[in-house]
Amino acid sequence: MTMTTPLNPTQAVFERILARPVAMPDTQHHRLVHIQWQATQQGGRIVQLYVNDELTHFSASPTDREAWLLLDARHPQQIELLAVDPCDAATPSRHLLAGVDPAVSP
């Protein structure tokens, strides 16, 4: 009998992630950002979005491939995506990102 290790949720899940500012709200310091991702290996997992190491949003269903975030435009923001089981969607699981090289985009 062969045992297989479960796929690390941070590896081989996201093929492409796009984050682009789409609007400047009334306040000068915030920007609405549209996040989209391709993840053929996502399966039935929910995606958590972390901004500067804090869980700020999670997708409503495993078929979602986009999110909208309101971010402070005065400072650089680090956005990370993590695929987790739906029962873990609201539980911060950022420790699973440890040791994964980030894809960096301005």
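Mentor: Contact here means heavy atoms within 4.5 Å. This is a predicted model, in which local features need pLDDT of at least 70 and side-chain atom pairs count only at pLDDT 80 or more, while totals for chains, interfaces and linings use all residues. Residues are numbered from 1 along each chain as its sequence is written, and side-chain values use heavy atoms, with hydrogens and water left out.

Trainee: Which residues does W37 touch, not counting residues up to four places away in sequence?

Mentor: W37 touches F14, R16, I17, Q42, V47, L49, S59, D64, R65, E66, A67 and L81.

Trainee: Why is H34 called buried?

Mentor: Buried means under 20% relative accessible area, exposed over 50%, and partly exposed in between (1.4 Å probe, protein chains only). H34 has a relative accessible area of 6%, so H34 is buried.

Trainee: What makes the pair of H34 and E66 side chains a polar contact?

Mentor: A polar contact is a pair of N or O atoms within 3.5 Å; within protein, one must be able to donate a hydrogen and the other to accept it, and residues adjacent in sequence count only if both atoms are side-chain atoms. The H34 and E66 side chains make such a contact at 2.6 Å.

Trainee: How do you know that β3 and β6 pair?

Mentor: Strands are DSSP runs (E, at least two residues), numbered from the N terminus. Two strands pair if DSSP finds at least two bridges between them. Strand β3 (residues 46-51) and β6 have six bridges, in the antiparallel sense. Y50 has its bridge partner, E80, in β6.

Trainee: How many residues of β6 are buried?

Mentor: Five of the six residues in β6 (residues 79-84) are buried, and the strand is mostly covered.

Notes: Helices (H or I, at least four residues) and strands (E, at least two) are DSSP runs, numbered from the N terminus.
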